[in-house]
Amino acid sequence: MFSSGSSRQIIVLWVGTHNFGHTAEQIAGGVQAIVRCMEQRQPQAKVIVLGLLPRGKNPNPLRERNRRVNELLAEALPSTPNAVLLDVDPGFVQSDGSISHHDLYDYLHLSRLGYSRLCPTLHRELLRLLEGSAAQQ
């Protein structure tokens, strides 16, 4: 995962949506375990955990599961000093409950337009953390 000599300022973690057959509680627990591992190996690093995006053209159980994973992480991660949960969903679900293939081309993976809507939130958070770490030095 990390070489022993490398030191990271920020780690971005985006996992969980492909955990078929797992409950929201299991997925959130797995994400938390990964964050703990990162903290042990890179204690100086800030960890940005990206929230899971909604999936499927229309409302479905996997979309609900992802929403619940995000809720569980929002409850658990504040007790982890170097980790933050970042909601990167710019509002992909439309007023009728559907998701556009223009944002998630197969209703799971982001299109170029989807990334262009999501990335500004991540960019702002990265800059915020980098500015904060520069001020501490």
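**View 1. Surroundings of Val-69.** Leaving aside neighbours within four places in sequence, Val-69 is in contact with Ala-24, Ile-27, Ala-28 and Leu-52, where contact means heavy atoms within 4.5 Å. Val-69 is found in helix 2; helices (H or I, at least four residues) and strands (E, at least two) are DSSP runs, numbered from the N terminus. Val-69 counts as buried because its relative accessibility is 0%; buried means under 20% relative accessible area, exposed over 50%, and partly exposed in between (1.4 Å probe, protein chains only). Val-69 and Ala-28 are 41 residues apart in sequence, and their C-alpha atoms are 5.5 Å apart in space. The model is predicted: local features need pLDDT of at least 70, side-chain atom pairs count only at pLDDT 80 or more, and totals for chains, interfaces and linings use all residues. Residues are numbered from 1 along each chain as its sequence is written, and side-chain values use heavy atoms, with hydrogens and water left out.

**View 2. Pairing of strand 1 with strand 2.** Strand 1 and strand 2 (residues 46-50) run parallel and are joined by 4 bridges. Ile-10 has Lys-46 of strand 2 as its bridge partner, and Ile-11 stands opposite Val-47 in strand 2. Strand 2 is largely enclosed by the rest of the structure, because 4 of its 5 residues are buried.

**View 3. Arg-55 in the loop between strand 2 and helix 2.** Arg-55 lies in the loop that runs between strand 2 and helix 2 (61-76). Arg-55 is buried yet has no salt bridge, and the nearest side chain of opposite charge, Asp-106, is 8.0 Å away. A salt bridge is a side-chain nitrogen of Lys or Arg within 4 Å of a carboxyl oxygen of Asp or Glu; Lys and Arg count as positive and Asp and Glu as negative, while His and the chain ends are not counted. The side chain of Arg-55 reaches the backbone oxygen of Thr-17 at 2.6 Å. Not counting residues up to four places away in sequence, Arg-55 touches residues including Phe-20, Asn-66, Ile-99 and Tyr-107.

**View 4. Tyr-107 in the loop between strand 3 and helix 3.** Tyr-107 is found in the loop between strand 3 and helix 3 (112-136). Phi of Tyr-107 is near 70°, a positive value in a residue other than glycine. Most residues other than glycine have a negative phi. Tyr-107 counts as partly exposed because its relative accessibility is 21%.

**View 5. Asp-103 and Tyr-115.** Asp-103 is placed in the loop between strand 3 and helix 3, whereas Tyr-115 is found in helix 3. Asp-103 is buried, with a relative accessible area of 6%; Tyr-115, at 40%, is partly exposed. The two residues are 12 residues apart along the chain, and their C-alpha atoms are separated by 7.8 Å. Leaving aside residues up to four places away in sequence, Asp-103 touches Phe-92, His-109, Leu-110, Ser-111, Leu-113, Gly-114 and Arg-117. With neighbours within four places likewise set aside, Tyr-115 is in contact with Leu-110 and Pro-120.

Definitions and conventions:
Pairing = 2+ DSSP bridges. Polar contact = N/O pair within 3.5 Å; in protein donor to acceptor, adjacent residues only side chain to side chain.
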